[in-house]
Amino acid sequence: MAQRKVTAIPATISRYTAAPINSTKKRRVAGYARVSTDHEDQTTSYEAQVDYYTNYIKSREDWEFVCIYTDEGISATNTRKREGFKSMIADALAGKIDLIVTKSVSRFARNTVDSLTTVRQLKDAGIEIYFEKENIWTLDSKGELLITIMSSLAQEESRSISENVTWGQRKRMADGKVSFAYSRFLGLDKDKETGKIVVNPEQAETVRLIFNLFLEGMTPHSIAVELTSRGIKTPSGKDVWNQQTVRRMLSNEKYKGDALLQKEFTVDFLQKKMKKNEGEVPQYYVEGNHEAIISPQVFDLVQAELARRTKGGSRYSGVSIFSNKIKCGDCGSWYGSKVWHSTDRYRKVVYRCNHKYDNGTKCETPHVTEDEIKAAFVSAYNKLVTEKKEIIANAEIVRRTLCVTDALLAEKKQLEDEMSIVVEMTQSIVEENARVAQDQEEYQKRYNALVERYDKSKARYDEVTATISAKEAQGERLKNFIQTLKEQDGAIREFDSALWGSMVEYITVGKKKEITVTFRNGTEIQA
């Protein structure tokens, strides 16, 4: 029997296109590699793709290697943020690439519309894509049909993954597990060993400074200017602060040790659009989650002050310590600063009712100068300290009686339980209606009754919560007032801005320029 002999007959025509393998013109080929996360366990996959396609393209005699385009740690559900991908398409349309090689349809794009639009755009320019896993060549007659099918499957896979990730995140929130961007959050860090939230002592001082400056009367804008002038870095490490950053910090509950979860949610898994949660999905509030930088009472005091400043039609001004602290005894609105002789040596700052000439009706209250305000405060304060013990005792009584929240806290807990029960009952009847045929008119009545019951409880819950915050804020105000008064030893001879900020609620100017100082404990003294 003759010995077997195998002779290889080399291919002369490409099995993918009609171009001869020994064509004198080489095809310019680029590879595209992408992994969808930036986790360490994906690094190997990413590097392997780059290495594989570099060697694969260079091994072909009929191909000329252009480069490998890459996107690391980026989702493929849309192509807008993928810089490597966009750069590759631009180079291809500029005539630098004839063929693109990639692992699979899902690596290229998981959005059917994006995938087909790009493929057709390149196809019209005579540029081919080879999807190795599915063995699809886009210039082939069957290419577009296969791509449509594969892209649709990949898009559904993305939807499934997105839903699973969302479910996982919401389950973590429901369990009270808190996470946030520590690198952009001033004052709180993640402990490397325990994974728990811990206070950054140095940054915490900046947080406390922001809250104190606000309570002294400064606006978020003026606080931002002050922080910038002191050379303090922003949460993202920048040199210049803006008022939006300060405003967000002042209302962030994490500074009092709590955490509100799911403030935003993803509307569309393809576009990754985020929307502020206005009741569309559940939120979870975790109390006492970590060590507080700002006491809950001071935090609530700041929220009350934020609400007070935005209430009404007039814009709050924090230009000076007297802004929004001087009330017109005629119309009840606030005084604002006015500059007289602004361009000459007689320049003078006075305070006058902001609505003095509104609607053709002139307020009869006169203007006052800073010196007059300061003198009135010194006079009123010195009268106050003559009855120091009695005033402190009365303030303590008010704090113990009017600022107590025990009953309200108990009612709040009852309302929370009630809302939780109603939500479960609503979900139950909705699920039952989906499984079992029912009288829809009767079902709608039951459903509406539960919704009405929930809305009623929620309205009362919001009312109780607001009352608790107001009482706690008032209690903190009185506490600071009492502490400050205890620390003072006798009368003062000159104006003290710290005492003014911590003890005065506002002053009222009468028609005959009589000035009445209203202190934080409600005491009114005419200077």
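I started with A380, which is buried at a relative accessible area of 0% (buried is under 20%, exposed over 50%, partly exposed in between, with a 1.4 Å probe and protein chains only). A note before going on: this is a predicted model, where local features need pLDDT of at least 70 and side-chain atom pairs count only at pLDDT 80 or more, while totals for chains, interfaces and linings use all residues. Residues are numbered from 1 along each chain as its sequence is written, and side-chain values use heavy atoms, with hydrogens and water left out.

A380 sits in helix α10 (helices are DSSP runs of H or I with at least four residues, strands are runs of E with at least two, and both are numbered from the N terminus). I looked up what A380 touches beyond its neighbours within four places in sequence, and found V517, F519, I525 and A527 (contact means heavy atoms within 4.5 Å). F519 is 139 residues away from A380 in sequence, yet their C-alpha atoms are 9.4 Å apart.

**Nonpolar cores**

Next I checked the largest nonpolar core, which has 34 residues (a core is a set of buried Ala, Val, Leu, Ile, Met, Phe, Trp, Tyr and Cys residues joined through side-chain atoms within 4.5 Å). F377, Y381, L384, L485 and F519 touch the most other members. Elements giving two or more residues include α10 (370–385), α13 (440–487) and β17 (515–519). Which element gives the most to this core? I found that α10 does, with 8 residues.

I then followed F377. Leaving aside neighbours within four places in sequence, F377 is in contact with I492, F495, D496, L499, W500, V504, V517 and F519. There is also a second, separate core of 28 residues, with I210, F211, F214 and W241 among them.

**Helix α2**

In α2 (residues 83–93), I noted G84, F85, M88, I89, D91 and A92 as buried. They lie on the same side of α2, because they cover an arc of only 165 degrees around the axis (the arc is that of the directions from the helix axis to the C-beta atoms). After α2 comes G95, with a positive phi near 90 degrees.

I found 3 strands in an open sheet, ordered β13-β14-β15, with antiparallel pairing (two strands pair if DSSP finds at least two bridges between them). β13 (335–340) and β15 (368–369) are at the edges with a single partner strand each, so one side of each has no neighbour in the sheet. How many bridges join β14 to β15? I counted 2, and I saw Y351 standing opposite V368 in β15.

**Salt bridges**

My search of the whole structure gave 19 salt bridges (a side-chain nitrogen of Lys or Arg within 4 Å of a carboxyl oxygen of Asp or Glu). In one of them, E418 pairs with R453, the closest N and O atoms being 2.6 Å apart. E418 is in α12 (residues 406–435) and R453 in α13, so this pair ties together parts 35 residues apart in sequence. R453 is partly exposed at 34% relative accessibility.

Within α13, D462 and K458 are 4 residues apart, about one turn of the helix, and they form a salt bridge with closest N and O atoms 2.9 Å apart. D462 is partly exposed at 39%, and K458 is partly exposed at 29%. R460 and E463 also meet in a salt bridge (2.8 Å, N to O). My last entry is a network of salt bridges linking K256, D258 and D300.
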